[in-house]
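The tour moves from stop to stop, with something to select at each one.

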Amino acid sequence: AHSGEVGVYVRIRPTANFSQDIIECLPDGQTVNIHHKKDTKKPLCSRKIQRSSWSFRLEGVLQDVSQEEVYTRVCRRVVLGALDGYNGTVLCFGQTGAGKTYTMTGSTESYKQRGIIPRAIQEVFQEVQKRTEHTFSVYLSYLEIYNETLVDLLALLQSSAHPSPRSMVISEEPGRGVFIRGLSLHPVHSEEEALNLLFEGEMNRVIGSHALNRNSSRSHCIFTLHLESRSRTLSDAKYVTSKLNLVDLAGSERLGKTGSEGQMFKEAMYINKSLSFLEQAILALADRRRDHVPFRQTKLTHALKDSLGGNCNTVLVANIYGEASQIEETLSTLRFASRMKCIRTNPAVNEHMDP
Ligand code: ADP
């Protein structure tokens, strides 16, 4: 994508039951056509089969594509941009089980299967080594949003003596954009240090969700690398900052309210709410005649405000199942993806001066 356009990709989870007659990937590598037969049994009428087709054109369709290629095609440009001072965001969206975490974090089973986050970390530190004309500082944070509550996945490290969580607030400042006041920032000096923190955060997410009886696919996670660079040669007061957000969104499936009780009901309600506000914000952004975008209605859209409509290079991976049984969810994921494509952002280098 050109800068300013959201680059939208669809990734199909490999399956033995891939439904070729329903999901048709065109040889251009950018188009998916969905051919859906709906069996409508109307009372008094004879059985009727309704056929419908939809066509989605995206930046790229990733089918049988390795983790390495996904990183190179989707994410690399955004990571290199972040090192130059442009904010960047990579989002994974789709129903639970469609491959969001596999895409973002990857499988721990093999090095080859590691996902976007560890590869981005590796590239950042390789570039920091290479770009000898600059000195870089790298900080890391890991935020979870669960039922409209902000959880610092790396807070325990800092203040295990004070287990009561620090209160966090989403704030905005001119020149700094959106940030989370109270979220712990951890300085990292190597790939290994950063990977250890990623691992700690993942562990805290799992432990926390077990302890509180939560389902971790019901939360949104934002892993952020905060970069700051200064020129070694120019001894001026100018420096450049950027943020690289790597976001694993909660499963997008709409949970029915009937049948679920208590905790489940609450989760369903919050997820439906935050994802429908995300859709509303995206619709408002795509419709450029609308000057008010409802970012502040949920924590997710507020935290992602810069990534969606502001100063950021943004890409989205829409993860789908290739199976006929999931076609309704697949269609809704693809509709979300094509709306995302209409959004424009305004990436610009974040330059600052020492006071
Ligand atoms: P989600 O995060 O969307 O709920 P996961 O990433 O946990 O889904 O994926 C569900 C399962 O499918 C996991 O066991 C994962 O390893 C596997 N999987 C998903 N995508 C792929 C892929 N592209 N290649 C191989 N295995 C995959």
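## Stop one: strand S13

Begin by selecting S13 together with strand S15 (residues 350-353): the two pair in the antiparallel sense over four bridges. This is a predicted model. Now pick Lys238. Its bridge partner in S15 is Met353.

S12 and S13 pair in the antiparallel sense, over nine bridges. Click on Cys221 and look across: Asp248 of S13 stands opposite.

Next, select strand S6 (residues 88-93). S6 pairs with strand S13 (residues 238-248) in the parallel sense, and five bridges join them. Highlight Val90. Its bridge partner in S13 is Leu246.

While the strands are on screen, show the side chains. In a regular strand they alternate between the two faces of the sheet.

## Stop two: the ligand

Select the ligand and the residues around it. There are 14 of these, and Arg13, Gly99, Lys100, Thr101 and Tyr102 come nearest. Which helix gives the most to this shell? Colour helix H2 (residues 100-104): H2 contributes three residues, the most to the shell around the ligand. Then colour the shell by class. You will find nine polar residues, three nonpolar and two charged.

Now turn to the helices. Two packed helices are described by the angle between their axes and the distance between the axes.

Select helix H1 (residues 67-83) and helix H3 (residues 116-130). Their axes come within 10 Å and cross at roughly 40°. H1 and H3 are therefore oblique to each other. H1 passes H3 in a right-handed crossing.

Show the side chains where they meet. From H1, pick Tyr71, Cys75, Arg76, Val79 and Leu83; from H3, pick Ile116, Arg119, Ala120, Glu123, Val124 and Glu127. By class, this contact of H1 with H3 has seven nonpolar residues, four charged and no polar.

## Stop four: H3 against H5

Which residues make the contact? On H3, select Ile117, Pro118, Ile121, Gln122 and Phe125; on H5, select Glu191, Ala194, Leu195 and Leu198. Colour the contact of H3 with H5 by class: seven residues are nonpolar, one is polar and one is charged.

## Stop five: H6 against H9

For the last stop, select helix H6 (residues 262-286) and helix H9 (residues 327-340). Their axes come within 9 Å and cross at roughly 40°. Is the crossing of H6 and H9 left-handed or right-handed? H6 passes H9 in a left-handed crossing.

Show Glu279, Ile282, Leu283 and Ala286 of H6, then Phe336, Arg339 and Met340 of H9; these make the contact. The residues where H6 meets H9 divide into five nonpolar and two charged, with no polar ones.

Conventions:
Residues are numbered from 1 along each chain as its sequence is written. This is a predicted model: local features need pLDDT of at least 70, side-chain atom pairs count only at pLDDT 80 or more; totals for chains, interfaces and linings use all residues. A residue is near a molecule or strand if its C-beta atom, placed from the backbone, lies within 6 Å of it. Ala, Val, Leu, Ile, Met, Phe, Trp, Tyr, Cys and Pro count as nonpolar, Asp, Glu, Lys and Arg as charged, and the others, Gly among them, as polar. Axes are lines fitted to C-alpha atoms, for helices over the stretch in contact, and angles run from 0 to 180 degrees between N-to-C directions. A crossing is left-handed if the near helix is turned anticlockwise from the far one by less than a right angle, and right-handed if clockwise. Two residues are in contact if their C-beta atoms, placed from the backbone, lie within 7 Å. Two strands pair if DSSP finds at least two bridges between them. Angles under 35 degrees count as roughly parallel, over 145 as roughly antiparallel, 65 to 115 as roughly perpendicular and the rest as oblique.
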